[in-house]
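Look through the sequence and the model shown here.

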Amino acid sequence: MAEDLKITAETRTEFGKGAARRIRRADKVPAVIYGHGNDPQHITLPGHDTMMALKHGGTNALLYITIEGKTVIALTKQVQADPIKGFLEHIDFVEVKKGEKVTVEVRIYVVGESKPDAMTVTELNTVSVEAEATNIPEYIEVSVEDAEAGFHVLAKDLQLPAGSLLLTDDEALVVNVVHAPTAEEIEAELEEAEAEAGIEHDLSDEEEAAEAAAAEGDESAEGEGGESSESSDDES
């Protein structure tokens with residue numbers, strides 16, 4: 001779990017896109033704190049300090065935000081960042097209290113190397129957990145050190161911090177160690193795929209030939225019908 005992260009904020013009175021741009025130009029971040037039946041608190045946070053706090057605290061960063069002398073505990077819920085430059089555009093927080101239970105998504109962190117003839121597949125990147133707001137795990141570690149093909153970890157096998165409750169299905173597959181295909185096996189699969197594609201191509205050619213033959217038959221029948229008619233006219 002990340003240590004307590006303390007930041008001093010300012011009350012925000014300007015709104016709209018223009019105001020948000022001015023705030024970001026001043027290396028600050030517009031944000032809102034929701035929760036506990038109070039009106040949303042619109043605030044401005046210092047850009048660099050907030051960026052470092054989120055990097056340190058992880059997905060569920062818990063910040064102690066001081067606003068006009070009063071400190072609130074705020075759980076990060078949504079972060080909007082510029083996809084190219086990476087700077088923070090806006091943050092949504094939820095106010096929480098010490099001892100309060102919250103539901104969060106906690107990421108899975110795989111460590112170690114499986115056997116050389118095996119490879120590790122992470123089936124779930126996160127699991128849903130109910131935890132105390134001030135004791136949210138930053139991640140859940142899963143070791144696959146020297147694991148052989150067939151080794152797997154279910155959600156119920158995860159080691160959660162004391163006081164946390166798993167909400168994801170117990171039998172959900174989280175990490176799976178499978179056989180790593182050899183170069184020969186990969187080549188054989190490619191050859192098989194190419195062979196199947198060739199068969200489909202041949203079938204397609206046969207269908208085209210059948211359609212062409214049918215068309216020629218129709219034309220031949222029409223031609224014969226025309227000659228018969230002309231002979232009848234001559235005879236008459």
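A residue counts as buried when its relative accessible area is under 20%, as exposed when that value is over 50%, and as partly exposed in between. These words are used throughout the account of this structure, which is a predicted model.

Consider the chain as a whole before its details. The protein chain has three helices and 13 strands. Of its 236 residues, 30% count as buried. The protein chain exposes about 14900 Å², and carbon and sulfur atoms supply 48% of that area. Among contacts between residues at least 6 apart in sequence, 63% join residues at least 24 apart.

Now turn to charged side chains. Side chains of opposite charge can pair when their charged atoms come close. How many salt bridges does a search of the whole structure find? The search finds three.

One of them is formed by Glu10 and Lys28, whose closest N and O atoms are 3.4 Å apart. Glu10 lies in strand E1, residues 5-11, and Lys28 lies in strand E2, residues 28-34, so the pair ties together parts that are 18 residues apart in sequence. Lys28 has a relative accessible area of 29%, so this residue is partly exposed.

Another salt bridge joins Glu95 to Lys97, with 3.3 Å between the closest N and O atoms. Is Glu95 buried or exposed? Glu95 is buried, because its relative accessible area of 6% falls under the 20% cut-off. Lys97, at 42%, is partly exposed.

The remaining pair is Lys156 and Glu171, whose side chains meet in a salt bridge with an N to O distance of 2.9 Å. Where in the chain do Lys156 and Glu171 lie? Lys156 is in the loop between strand E11 (152-154) and strand E12 (165-166), while Glu171 is in the loop between E12 and strand E13 (173-179). The two residues are 15 residues apart, and the pair links distant parts of the chain. Lys156 has a relative accessibility of 46% and counts as partly exposed. Glu171, at 47%, also counts as partly exposed.

Notes
Residues are numbered from 1 along each chain as its sequence is written. This is a predicted model: local features need pLDDT of at least 70, side-chain atom pairs count only at pLDDT 80 or more; totals for chains, interfaces and linings use all residues. Side-chain values use heavy atoms; hydrogens and water are left out. A salt bridge is a side-chain nitrogen of Lys or Arg within 4 Å of a carboxyl oxygen of Asp or Glu. Helices (H or I, at least four residues) and strands (E, at least two) are DSSP runs, numbered from the N terminus. Buried means under 20% relative accessible area, exposed over 50%, partly exposed in between (1.4 Å probe, protein chains only). Contact means heavy atoms within 4.5 Å. Accessible areas come from the Shrake-Rupley method with a 1.4 Å probe; for residues, only the protein chains shown count as cover.
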